[in-house]
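User: Hello! I am new to this structure and would like to learn how to read it. Could you take me through it one feature at a time?

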Amino acid sequence: MARVLRVARSSSLFGLGSRFYSTSAEVSHASPFLHGGGASRVLAKDRNVQWVFLGCPGVGKGTYASRLSTLLGVPHIATGDLVREELASSGPLSRQLSEIVNQGKLVSDEIIVNLLSKRLEAGEAKGESGFILDGFPRTMRQAEILGDVTDIDLVVNLKLPEEVLVDKCLGRRTCNQCGKGFNVAHINLKGENGKPTISMDPLLPPPQCMSKLITRADDTEEVVKARLRIYNETSQPLEEYYRSKGKLMEFDLPGGIPESWPRLLEALRLDDYEEKQSAAA
Ligand SMILES: Nc1ncnc2c1ncn2[C@@H]1O[C@H](COP(=O)(O)OP(=O)(O)O)[C@@H](O)[C@H]1O
């Protein structure tokens, strides 16, 4: 099926439109979750997935989005990473951003859309297609801009009890050499009132990373709590927006990666994807 390139009608919106493109309506519904057919549906589609990950700070959006991006061969684009890259670059925006980020507040829609637009442009130049967005959209304005410029197939809303999220954020570490993320928190939340027990082992670094671990400046208890509060205030309309479009998949994480990853693949009907892909190769 021929791909029809449709440049977004609202291409003037902060310059994002020209970076996103989508295929014709015929092939715009590539999500195995929304349309059934499991892995064969994914293999048969005409373009790569265009997915969004929602979820509170610390829920694990980055971890699961990154694993799925490797599995599906699409870029994992985290706006938080784009913000941190900008902060590290000590460019003109850096000081303004650090003040906002270190208070746990959201960067303006205009700045974040510009950063995302630049990232997409660089990817497009390298031949990337499809995406898994992590941390975007965060506001209704961002969701509307995104909706105006491209088709989103699926929005995965990852959930964990609030008590776990602060501990998970405070346990996050990154190796400043290899860039990999780890978590030193031991989570053991006893299930009460019919709620399931949630336990997560720490994700410890290998010995060579141990002395190079850094903690994000905005992962202090005070800032994490501010981020959670802001997330909870802004997320409800976003969830409603995608739910009303039939695109929202709610996913309660049952525990750490070993329990959650297979269950997430099942929910996405990707559990046999790797097998089918290697059989087709
Ligand atoms: N879509 C966005 N809109 C506004 N600000 C954002 C967005 N994405 C990231 N940021 C900024 O970058 C910070 C870090 O983002 P992220 O790594 O996604 O953190 P979190 O752990 O809070 O999900 C946020 O607290 C916010 O200041």
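Analyst: Gladly! One thing to keep in mind from the start is that this is a predicted model. Let us begin with the overall make-up.

User: How many helices and strands are in the chain?

Analyst: There are 12 helices and 12 strands. Of the 281 residues in the chain, 33% are buried. Among contacts with a separation of 6 or more, 72% are between residues 24 or more positions apart.

User: Now a single helix, please. Which residues of helix 7 are buried?

Analyst: Helix 7 covers residues 140–149, and its buried residues are Gln 142, Ala 143, Ile 145, Leu 146 and Val 149. Looking down the axis of helix 7, you find these buried residues within an arc of 160°, so they line one face of the helix. That set of buried residues packs against helix 6 (109–125) and helix 10 (221–244).

User: What about sheets? In what order do the strands of the open sheet with three strands run?

Analyst: The order is 8-7-11, with antiparallel pairing. Strand 8 (181–183) and strand 11 (213–214) stand at the edges with a single partner strand each, so one side of each has no neighbour in the sheet. Strand 7 (residues 172–175) pairs with strand 8 over three bridges in the antiparallel sense. To find one of these pairings, look at Thr 174, whose bridge partner in strand 8 is Gly 181.

User: And strand 3: how many of its residues are buried?

Analyst: Five of the five residues in strand 3 (residues 50–54) are buried. Both faces are covered, with Gln 50, Val 52 and Leu 54 on one side and Trp 51 and Phe 53 on the other. Next, look at the partners of the strand. Strand 3 pairs in the parallel sense with strand 5 (residues 131–134) over four bridges, and Phe 53 stands opposite Asp 134 there. Strand 3 also pairs with strand 6 (residues 154–159), again in the parallel sense over four bridges. In that pairing, Leu 54 stands opposite Asn 157.

User: How would I describe Glu 250: where does it lie, and which residues does it contact?

Analyst: Glu 250 lies in strand 12 (residues 248–252). It counts as partly exposed, because it has 13 C-beta neighbours inside 10 Å. Beyond its neighbours within four places in sequence, Glu 250 is in contact with Asn 157 and Lys 159. The C-alpha atoms of Glu 250 and Val 155 are separated by 8.5 Å, though these residues are 95 residues apart along the chain.

User: Let us finish with the backbone. Where is the cis peptide bond?

Analyst: A cis peptide bond joins Phe 136 and Pro 137, with omega about 0°. Pro 137 is in the loop between strand 5 and helix 7.

User: Which is buried and which is exposed, Ser 90 or Arg 269?

Analyst: Ser 90 counts as exposed, with 10 C-beta neighbours inside 10 Å. Arg 269 is buried, with 20 other C-beta atoms within 10 Å. As for the backbone, Ser 90 has a positive phi near 45° without being a glycine, and it sits in the loop between helix 4 and helix 5. Arg 269, not a glycine either, has a positive phi of about 55°. Its place is the loop between helix 11 (257–267) and helix 12 (273–280).

Key
Residues are numbered from 1 along each chain as its sequence is written. This is a predicted model: local features need pLDDT of at least 70, side-chain atom pairs count only at pLDDT 80 or more; totals for chains, interfaces and linings use all residues. Helices (H or I, at least four residues) and strands (E, at least two) are DSSP runs, numbered from the N terminus. A residue is buried if 20 or more other C-beta atoms lie within 10 Å of its own, exposed if 12 or fewer, and partly exposed in between; C-beta atoms are placed from the backbone. Two residues are in contact if their C-beta atoms, placed from the backbone, lie within 7 Å. The arc is that of the directions from the helix axis to the C-beta atoms. Two strands pair if DSSP finds at least two bridges between them.
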